[in-house]
Amino acid sequence: MSKSEFVESRRDGALGSASAGEPSPYLDSAPLAPGDTVRLIAPSGPTDEESLQRAIAQLESWGLRVVPGENIRARHPRVKYLAGTDVERRSDLVDAWCDPDTDAVIALRGGFGAMRLLDGIDFDLMRRHMLRRDGRPKLLTGSSDITALHQAWDHHLGVATLFCPMVGNDPFKNSTVVPDEVASWLFHPWGGRELGFPAEDAAEGTAAAETPAPRPLSRAQTLVPGSARGRLGGGNLSLIAAGMGSPELIDVRERREHRGPSILMLEDVDEELYRLDNLMVQLVRGGWFTSADAVVLGSWEDCAPVHEVEALMIDYLGGLGIPIVSEMGFGHDPDAPSVPLGVDVTLKAEPGERPRLWVDHAGGQA
């Protein structure tokens with residue numbers, strides 16, 4: 001598909017929820033470059049001035065032009081856990097995405113509230129304004145509660161997004177690896193890159209070369225061995241469960257039929273085991289795993305012990321006959337790696353070997 005054809009198909013909405021669409025241009029071109037404009041917004045929880053200024057300084061240190069949302073400092077008049085009213089937060093999100101100068105929309109932090117914005121968004125309008133001036137799609141970044149937006153962008157717009165630590169949160173202040181790791185996904189192409197923490201035998205290889213600070217080595221374990229290739233989806237378990245039955249997830253039982261195979265990622269934070277159990281019941285009964293050709297588990301920060309979470313996952317998923325791997329690090333790990341969603345990936349989890357996950361190249365090769 002030529003660039004002009006890509007632009008036309010995106011503008012016409014031809015690559016919407018009924019199709020996986022064309023490979024993301026970010027497989028072979030960097031999403032951002034110094035001088036690009038990013039819109040910084042708070043679609044979920046509030047932040048303090050120090051965290052906001054630190055976030056702006058971080059983005060500017062990468063050579064980006066930062067435009068904060070008009071309501072980024074707002075506070076909901078009644079609900080302390082929301083950064084402004086739904087109208088204010090939605091307005092910042094829509095304005096940021098539709099601004100013709102925007103190259104990426106960056107969520108300042110998570111918390112709660114992103115899902116409250118979805119029903120009031122005109123996604124036809126968002127689709128008409130989804131392209132940068134160079135014809136490539138704008139990029140949405142964030143994690144945790146921003147899972148709700150990733151799901152919406154996947155369903156309504158059909159574009160790849162970046163599930164990554166957020167500039168207003170503690171990992172950007174405390175981690176020696178997160179800022180460089182996130183930057184490596186913003187300023188380098190995605191195709192061929194390994195996901196998660198590097199395995200021991202790769203620590204001196206590509207992943208280490210792309211991030212100057214030494215990264216933690218992989219703790220990944222294979223729970224059910226096998227190999228799979230498919231479109232990467234998922235995110236925060238609590239948010240996915242909360243979205244079951246919504247327009248964004250109404251078609252989960254038919255997704256494999258019209259989108260092809262998928263590899264699904266899950267992570268969460270601060271949830272007791274019985275809560276994780278209840279959330280998994282919801283996903284299983286709702287058919288969310290129907291399209292899964294593999295399941296990749298990230299971090300379970302401040303949840304039950306990892307071995308208990310793994311046992312729970314095997315109880316629900318072990319009979320599906322698909323590969324399942326654990327402790328890939330995505331999510332709320334203090335040094336969490338980034339994950340591009342909506343792109344094809346390859347998982348190799350052979351018996352007795354460390355599982356590995358790669359982003360496929362644009363031509364479909366791992």
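Where is Leu 149 found? Leu 149 lies in helix H5. The views below come from a predicted model, in which local features need pLDDT of at least 70, side-chain atom pairs count only at pLDDT 80 or more, and totals for chains, interfaces and linings use all residues. Residues are numbered from 1 along each chain as its sequence is written, and side-chain values use heavy atoms, with hydrogens and water left out.

**View 1. Helix H3 and its cover.** H3 spans residues 86–98. Helices (H or I, at least four residues) and strands (E, at least two) are DSSP runs, numbered from the N terminus. The 13 residues of H3 reach 18 Å from first C-alpha to last, close to the 18 Å expected at 1.5 Å a residue (expected span: 1.5 Å times one less than the number of residues). Its buried residues include Leu 93, Val 94 and Trp 97. Buried means under 20% relative accessible area, exposed over 50%, partly exposed in between (1.4 Å probe, protein chains only). Among the elements covering the buried residues of H3 are strand E1 (37–41) and helix H5 (147–157).

View 2. Leu 149 counts as buried because its relative accessibility is 0%. Leaving aside neighbours within four places in sequence, Leu 149 is in contact (heavy atoms within 4.5 Å) with Pro 43, Leu 93, Ala 114, Leu 118 and Leu 140. Thr 161 is 12 residues away along the chain, with 9.4 Å between the two C-alpha atoms.

View 3. Asp 99 sits in the loop between H3 and E3. Asp 99 counts as buried because its relative accessibility is 19%. Not counting residues up to four places away in sequence, Asp 99 touches Arg 39 and Lys 138.
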